[in-house]
Amino acid sequence: MDYHLDELGFLQNPWFHDGGLTGITVEDDVVKLGLKMVDGQQFSLTLSDTVAFVATDFQLGNIIFDIRLSKCTDITQDRLSALYPSPHQSAAERFHDAYGKAIDEKRAEILIGKLTLFELTSSYGCEIVALCREVSLSR
């Protein structure tokens, strides 16, 4: 199923604002998210070839604020920090240098279109951040 993103990468069609995240399944490097629109329509969003995934605060009644897919755009370190937390400030400089290099490599893969940064923010409940190679949506 096709979907439409605005110029900033926010999912506009179908629009899940105020809908719900109904489930998360993970099998190997495939993550499937159950989504429900306000009118009750059910969808499955699949993140394939996922290389990093974090979901926080999953609850009963996860209300979606927005969904964003960023590909071929410059991504700030801050947007990747949920997936790759920085070393403790007291860690040796070599760890900070290695961290900076690893983040730069992920950002480069996003810029050339090899990876997509997926972000689901909520009004209530679960927040999701993931890096994957492909995103698909089905009913």
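Trainee: Where is Asp57?
Mentor: Asp57 sits in the loop between strand 6 and strand 7. Strands (E, at least two residues) and helices (H or I, at least four) are DSSP runs, numbered from the N terminus. Asp57 has a positive phi of about 65°, although it is not a glycine.

Trainee: What am I looking at, and how are residues numbered?
Mentor: This is a predicted model: local features need pLDDT of at least 70, side-chain atom pairs count only at pLDDT 80 or more, and totals for chains, interfaces and linings use all residues. Residues are numbered from 1 along each chain as its sequence is written, and side-chain values use heavy atoms, leaving out hydrogens and water.

Trainee: How many helices and strands are in the protein?
Mentor: Two helices and 10 strands. From the N terminus on, the elements run β-β-β-β-β-β-β-α-α-β-β-β.

Trainee: What is the radius of gyration?
Mentor: The radius of gyration is 16 Å, close to the 14 Å that the globule rule gives for 139 residues, so the protein is as compact as a globular protein of that length. The radius is taken over C-alpha atoms, and the rule is 2.2 Å times the number of residues to the power 0.38.

Trainee: What share of the residues is buried?
Mentor: Buried residues make up 37% of the 139. Buried means under 20% relative accessible area, exposed over 50%, and partly exposed in between, with a 1.4 Å probe and protein chains only.

Trainee: On to the sheet. What is the strand order?
Mentor: The order is 6-9-8-7-3-4-5-10, in an open sheet of eight strands with antiparallel pairing. Two strands pair if DSSP finds at least two bridges between them.

Trainee: Which strands are at the edges?
Mentor: Strand 6 (52–56) and strand 10 (134–138). Each of these edge strands pairs on one side only.

Trainee: How many bridges join strand 7 to strand 8?
Mentor: Seven bridges join strand 7 (residues 62–70) to strand 8 (residues 116–124). Ile67 stands opposite Leu120 in strand 8. Tyr124 in strand 8 is the bridge partner of Ile63.

Trainee: And how many join strand 3 to strand 7?
Mentor: Two, and these strands run antiparallel. Leu21 has Asn62 in strand 7 as its bridge partner.

Trainee: New topic. How many aromatic pairs does a search of the whole structure find?
Mentor: One. The rings of Phe16 and Phe43 have their centres 5.3 Å apart and their planes at 90°, so the pair is edge-to-face. Rings of Phe, Tyr and Trp (its six-membered ring) pair if their centres lie within 6.5 Å; planes under 30 degrees apart count as stacked, over 60 as edge-to-face and the rest as tilted.

Trainee: Where do Phe16 and Phe43 lie?
Mentor: Phe16 is in the loop between strand 2 (11–13) and strand 3 (20–27), and Phe43 is in strand 5 (residues 42–48). The two are 27 residues apart. Both are buried.

Trainee: What else is in the loop between strand 2 and strand 3?
Mentor: Pro14 lies there, and the peptide bond from Asn13 to Pro14 is cis. Asp18 lies in that loop too. Phi of Asp18 is near 70°, a positive value in a residue other than glycine.

Trainee: Last one: is Glu109 buried or exposed?
Mentor: Glu109 is buried, with a relative accessible area of 17%. Glu109 lies in helix 2 (residues 93–111). Leaving aside neighbours within four places in sequence, Glu109 is in contact (heavy atoms within 4.5 Å) with Lys114, Leu115 and Arg133.
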